[in-house]
Amino acid sequence: MHKSDRHPDFSASAGFTLVEMLVAVAMGAALVAAAATVFALASEAIGTSTANTQVSSQLRVLYSWLDRDFGRIRLDGPMVIVSDNEDYTTAGGGIENARLDRVLFSISGDIPALKTSDHVSLGMVLYGHDLPADSLSSPTHEDMFDLSLTRWARLMMSGATPPVNSEFYQAPMSFGNLLAYWYSTTTVPDFVAYFQTRPDTTGNEDFAEMIAHVVSFGVIRYEQADGTVVDWSDGAGGPPLSGTETTFGPADEKPLWIEFEIVLRDSNNRLEEPFTAIYRVNLPSR
């Protein structure tokens, strides 16, 4: 037999053609884009979940403080509910309107200080915003995240010597002295303003406790001792919604319950819409 004279067929190319290379590059780019999309969606989901967790945590803290403080309320002491609608400058420089209600009342019992180990038996508490209403549109507010709900406190009758140069305590003050101060004020806003000293101007960070990042904190309704429900949500059932206050003197019957409307955002402003919650606090009976 004769050996074959045939040669191998090298007509088929052994490498990538230009078309095949372009297809491979396109597929690689598509995979990278898909991976980037998945990563972006995962990051967004994680950010939203973190924001929801933060808001939920703030709500739990706020509910806890409200229950704790109103559970210690002195029904024989003064109480003030101040209602305001105010424009404020947002962190992004925009102007928005928000409910800026404030609630002031006296408490008693075994009361821990905000950031010290001291305990007292009498105090005044005000829930309000970090800045007074007349400062909300000032340029200094633009560096802050919208608004912050703050629990302000003046603690009296300290069992221990108050810290040196501290304005966190107003000691010594008996309940009788507190009532005397109440009756010595000419207007309710003066009494409320007594608690509106910024911590950074007193040099004492213990004076206030930031509770939550809020867009709005409003007392929308409460039930009086005679069963009448006063509704401020539409301005029809109660006083006007701007610059007014309801004062309950030491001898006045206090509400049976107070309902709050709280609108919150997370600190990074990741949530497209703020979260709104309504919470009712029952006041102890006499």
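**Salt bridges, cores and a buried tyrosine**

The count of salt bridges in this predicted model comes to five, a salt bridge being a side-chain nitrogen of Lys or Arg within 4 Å of a carboxyl oxygen of Asp or Glu. Residues are numbered from 1 along each chain as its sequence is written, and side-chain values use heavy atoms, with hydrogens and water left out. As the model is a prediction, local features need pLDDT of at least 70 and side-chain atom pairs count only at pLDDT 80 or more, while totals for chains, interfaces and linings use all residues.

Now for the overall picture. The protein has four helices and eleven strands; these are DSSP runs (H or I, at least four residues, for helices; E, at least two, for strands), numbered from the N terminus. Of its 286 residues, 42% count as buried, where buried means under 20% relative accessible area, exposed means over 50%, and partly exposed is in between (1.4 Å probe, protein chains only). Among contacts with a separation of 6 or more, 69% are between residues 24 or more positions apart, a contact being heavy atoms within 4.5 Å.

Back to the charges. Side chains of opposite charge can pair when their charged atoms come close. Here R221, D231, E259 and R280 are linked in a network of salt bridges. One of the links runs from D231 to R221, with the closest N and O atoms 3.5 Å apart. D231 sits in strand β8 (residues 229-231) and R221 in strand β7, so this pair ties together parts that are ten residues apart in sequence. D231 is buried, at 18% relative accessible area, while R221 counts as partly exposed because its relative accessibility is 21%.

R221 also meets E259 in a salt bridge, at 2.5 Å from N to O. That pair links distant parts of the chain, R221 in strand β7 and E259 in strand β10, 38 residues apart. E259 has a relative accessible area of 9%, so it counts as buried. E259 in turn forms a salt bridge with R280, whose closest N and O atoms are 3.1 Å apart. Again distant parts of the chain are linked: E259 is in strand β10, R280 in strand β11, and they are 21 residues apart. R280 counts as partly exposed, at 39% relative accessibility. Leaving aside neighbours within four places in sequence, E259 is in contact with G218, V219, I220, R221, I278, Y279 and R280.

The nonpolar interior comes next. A nonpolar core is a set of buried Ala, Val, Leu, Ile, Met, Phe, Trp, Tyr and Cys residues joined through side-chain atoms within 4.5 Å. The largest one has 46 residues, of which F70, M79, F105, I258, F260 and I262 touch the most other members. Two or more residues each come from α1, β1 (79-83), β4 (102-112), β5, β6 (147-158), β7 (208-223), β10 (257-264) and β11 (275-282). Helix α1 gives the largest share, eight residues. F70 touches M79, V103, F105, I258, F260, V281, L283 and P284, not counting residues up to four places away in sequence. Apart from this core lies another, of 19 residues, with M124, L126, M173 and A208 among them.

Y127 lies in strand β5 (residues 119-129) and counts as buried, because its relative accessibility is 1%. Its side chain makes a polar contact with the side chain of D69, at 2.5 Å (polar contacts are pairs of N or O atoms within 3.5 Å; within protein, one must be able to donate a hydrogen and the other to accept it, and residues adjacent in sequence count only if both atoms are side-chain atoms). A polar atom of the Y127 side chain also lies 3.2 Å from the backbone oxygen of W65. Beyond neighbours within four places in sequence, Y127 is in contact with residues including L62, L66, R102, F105 and F217. The C-alpha atoms of Y127 and T150 are separated by 5.9 Å, the two residues being 23 apart along the chain.

Finally, the surface. V19, V23 and M27 make a nonpolar patch of about 300 Å²; patches are made of residues with over 30% relative accessible area and no salt bridge, like charges being joined within 9 Å and nonpolar side chains (Val, Leu, Ile, Met, Phe, Trp, Tyr) within 5 Å. V19 belongs to helix α1 (residues 18-70) and, at 59% relative accessibility, counts as exposed.

Key. Areas by Shrake-Rupley, 256 points an atom, 1.4 Å probe, with all protein chains shown as cover.
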